[in-house]
Amino acid sequence: MSIDDTAAAPLTGGAARRGLVKSKTRRSARSERNRFAALMLAPALLGMLIFFVYPLVATLGFSFTRFDLVSSPQWVGLRNYRYFLHEDPLVWPAIRNTLWLTVVMVPSRLLFGLACAGIVTNIKRGSGVLRTLYYLPALAPPVATTVAFVFLFNPATGPVNTILGWVGIDGPLWFNSTTWSKPSLVLLGLWGVGDLMIILMASLLDVPKEQYEAASLDGANGPQRFRYVTLPNISPVLLFAVITGVINMLKYFTEAVVASQVASGRANQGEGTATTLGYPSHSTLTFSQWVYQEGFTNFYLGYASALAVIMFLATIGFIVLLLRRSKSFVEGGRS
Amino acid sequence: MSAITADRVSAVPSAPRGTRTYRSLSWVATHAIGIAVGVVFVVPFGFIILTALMTDQQALTSNLWPTSWHPENFVEVFNKAPLFSYLLNSLMYSVLATAFMLISSVPAAYALARFQFRWRNALFLAVIAMMVLPPQITQVPIYLMWAKGNLTGTLWPLILPNLLGDAFSIFLLRQFLLTIPEEYADAARIDGCSEWRVMTSIILPMAKPAIAATGMFMFFASWNDYYGPLLYTSENTAHWTVSLGLAQFRTAHQVQWNLSMAATLLVMLPVMVLFFFAQKAFVEGVTLTGVKG
Amino acid sequence: MKTLRSTRVAAAGLAAIGLLVTACSGGSTGAEQPVPSGPATGTVEFWHFFADREAKALQSVVDDFQTSHPQIKVVVKSGQDDTKATQAISAGKGPDLDLSYSTDITGKFCSSGAFRDLSGYIARDKVDMAQFPQTVKDYTEFQGKRCAMPLLSDTYGLYYNKTLLAAAGYTEPPKTATELAEMAKKLTKRNADGSIKVAGFVPTVGFYENAPAHSGPVYGAKWLTSEGKSAIGTDPAWKSWLTWQKSLVDWYGADKLAKFTAGAGQEFSADNAFETGKIAMAMDGEYRNAFIKNEHPELKYGTAPFPTADDKTSLYGGGYVTGNIIGISKGAKNPAAAWELLKYLSTDTGALVKLANGVKNVPTTLPALTSPDLESDANFKTFLDIFSNPNSATTPASPNGGAYQVTFQDFVVKWQDGKVPDLDAGLKDVDKQIDSALLLGQAP
């Protein structure tokens, strides 16, 4: 059952006309549409050229140089890439941490966000207030929210472990433990799921009511309706959530920096990362933190550019694979 | 052309029209969970509020409840920093960035979503690819470009690029626009509408929630943007935004967290209010359109 | 042919990249600029990192300068950090004068010319360099090139809780590593479940101010050789310190220490574990005095130079010294006037004392140190003495922002967690990593 069947009725008469019109002016209609599309895309294409192609080419160029920002770049060939492959001791832990965070955070946030969106669309009264509450952590400035969150998880004095103690659980060291620091960051990410929830909520509300009714008439139960009606309709937005989630995790910076600063006792506002890099024991060292450290603190912008290029290629490769395998997510549920 | 609006309905499949007890149980469960999660989400803000009302001495100690109350912190924040000027700058930045973004990105997303042309998928991939490069690295050549154009020290390097599209917004809008069935556009075309009218009168109104959401996200992202204004305007306090202002309550070794948190709350307030009213508009205004008869 | 066409395209692409890269960079180091003669006038743009109260202290000193130099106008921009300064200088939008929080940029800024060579100005105005202790001279020049002057300093020493020490029968702070360890063990109190209640001394590196850089000087440990290569693996002093440190960590129990440090308060809040009596002895800087006065005036504490290695007692009285640096940037529009301000800020005794009193750091010239106007008490004086002590040392300048310190600290964290089975091999590895990182930035 699709929307075509119910809505097509008034179109049957026009469909014949449509065929006639098409055969006469198909080519001119197509070119009119292409011209229109090109016009609509023109500003974005220009933007792409200036703010994407240009910095990408520049970064690629810098990656083959020794560049410290304050003197001219000097060509060094593949030296930066060789250093990355063989000699940089901290880049591989950074990559592992970032991949771990990506693989865990993206699905967790998606599922939790979907659940929250589901709750919020099912509550009628007070839903405005509830939605605002859910969105608040994502809306607030990240430094303050991270400091507050990490502080509440302080192993000795924070309320989380105190409450766990009441029920007899000896709470872990959370952000201070090498095993729990990344899961703690995931919890922080779940708390901030509000922006994703809004997007999912909007897409849930966009699912046409008729489809649900039709499915119910066919005898579908709750989970089946979710699978056959909801999911196909929100699949483009789900794809968006996955791709932007992955991209954001690969650039994950501020929360990790502020969290490691608070955890190591030197709560700060996100600058001066060297002494607390990835605290504890670089378990929260993410790739973008390392790129920043190498590029701006160590003045190795050439090397940092090489790291950026490598990350770019790896990410694009992954996204291309993802797009290929999820055709329906790309094309959408309309048929 | 007319459109039939329907009431907003629950889009998530509700309980089968079976037992009443099941329905009321699920009502209770949903509300209980919803409220519980809401409460948990708000607890850290309790911490922020309490910290904002403390002395600097007590801020970020294990003593979570203020021993003395200092609502004057909120006033002091204005005395120590020209927050009002920062607010105006933030407002200008956010409003202009959002407006420019909508002008450039909505048509681009529309074109990507609703037309079939040869470079469609490559362009789509390029839009996504734009978001992948780490901003700190790409800023280096871009900053040099703006410096040559003598625009550093202002907010324009942050505002103007939105006239040429924003990748995140284009991507999001495209995905939403994909979900609108082609039939509506076809019907309009048959009736002789130009592509422009199809876009502006038929399809885009159906995507109002998505457009509103995208605009809202852009506004909030600009409002909270710290690294952008830090890079481009930090040497020019006349152009500072609130996010820069928030980071100023400190000495070389120590941050005055009570003032920082108080300022954070003040900075959050406008966007919180904006969100509360905006979400009513785009959620409750969802239109399920019919088709021209 | 297809291959020819693609080769041509690739070559064109690489050429374009090359052109783009050189065209869009910040510009070359440029030839040495001559030192101007004649009076300095005009506007000077001065960037620094202070904010709030400390920015006001600096502003009042700048106001004094403008009173005595009415022909120079100073435009002050506060809250600027090193990254911002670097990017601005590279784009030609930098200030005339820049005050940096740390000494880590000295190596790069001197070697690349981002900060100008000051030797010409110093010679012209006959600035007496003997008024600076050797340590501050060390962190404001690189490979013989002086591109910065010191402004204020942080020095590190031992803080000890007199009440806790007296309760355990001690009247004097420890002077050697063995004494420190012994006293630490005696001063430690444990809870019923074995966890630490009061720590005599926390040896964990990465906690509060425990860093290899701070302990290096009291062990006489060297970071870099004269050629700029890593000396860590070959200096027995580091090995000796690491062995001492680990034995104390093991005595406490690494996981018990982890639990203790996790629950310790924020270093710069009133919950600081030393200030609340949860730690009996701690390594910290002179600024801690001001915090204690503000937050815990009831605390009975004393300060002393940090205990030295057992075999290096002659070093006693010295400590780690670091500080802020100030220099004239490459693209300065008014270097002559900038130099006047720089000279005033870094050498004028009145200015330095006023700033030191305002910010509660150590002033960086010997005359300022001994000035009667410098506010000091017995506890603060310890640090003034450490500053001028010839045994004090600093971390040497390097062209990659002090990356060697991060590499070594990383190793020490692994070491104290028990993850390094062979110390000698591990230290050799550290040398290799530091050297190869330095090679990454070398000119081709």
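The model here is a predicted one, in which local features need pLDDT of at least 70 and side-chain atom pairs count only at pLDDT 80 or more, while totals for chains, interfaces and linings use all residues. Residues are numbered from 1 along each chain as its sequence is written, and chains are lettered from A and ligands numbered from 1 in the order in which they are written.

C:Ile72 belongs to strand β2 (residues 72–77) of chain C; strands (E, at least two residues) and helices (H or I, at least four) are DSSP runs numbered from the N terminus. Setting aside neighbours within four places in sequence, C:Ile72 is in contact with C:Ala40, C:Thr41, C:Gly42, C:Val44, C:Gln66, C:Ala337 and C:Glu340, contact being C-beta atoms, placed from the backbone, within 7 Å. As for C:Lys360, 288 residues apart from C:Ile72 along the chain, the two C-alpha atoms are separated by 28 Å.

Chain C as a whole is assigned domain 1 (42–153 + 322–382) and domain 2 (155–320 + 399–440), with bounds that come from an automatic or database assignment. The C-alpha centres of these two domains of chain C are 30 Å apart. Across the boundary, 13 residues of domain 1 are in contact with 14 residues of domain 2. On the domain 1 side, α4 (106–112) and α16 (378–388) of chain C are the elements giving two or more residues. That side divides into three nonpolar, seven polar and three charged residues (Ala, Val, Leu, Ile, Met, Phe, Trp, Tyr, Cys and Pro are nonpolar; Asp, Glu, Lys and Arg are charged; the others, Gly among them, are polar).

Over in chain A, helices α14 (residues 287–297) and α15 (residues 301–325) pack at about 155°, their axes 7 Å apart (axes are lines fitted to C-alpha atoms, for helices over the stretch in contact, and angles run from 0 to 180 degrees between N-to-C directions). That makes α14(A) roughly antiparallel to α15(A), a label for angles over 145 degrees, with under 35 roughly parallel, 65 to 115 roughly perpendicular and the rest oblique. Among the contact residues are A:Phe287 and A:Val291 of α14(A) and A:Leu307 and A:Met311 of α15(A).

Finally, 101 residues of chain A are in contact with 90 of chain B. Helix α2 (residues 12–62) of chain A gives the most to the chain A side, with 24 residues.

Methods: Two residues are in contact if their C-beta atoms, placed from the backbone, lie within 7 Å.
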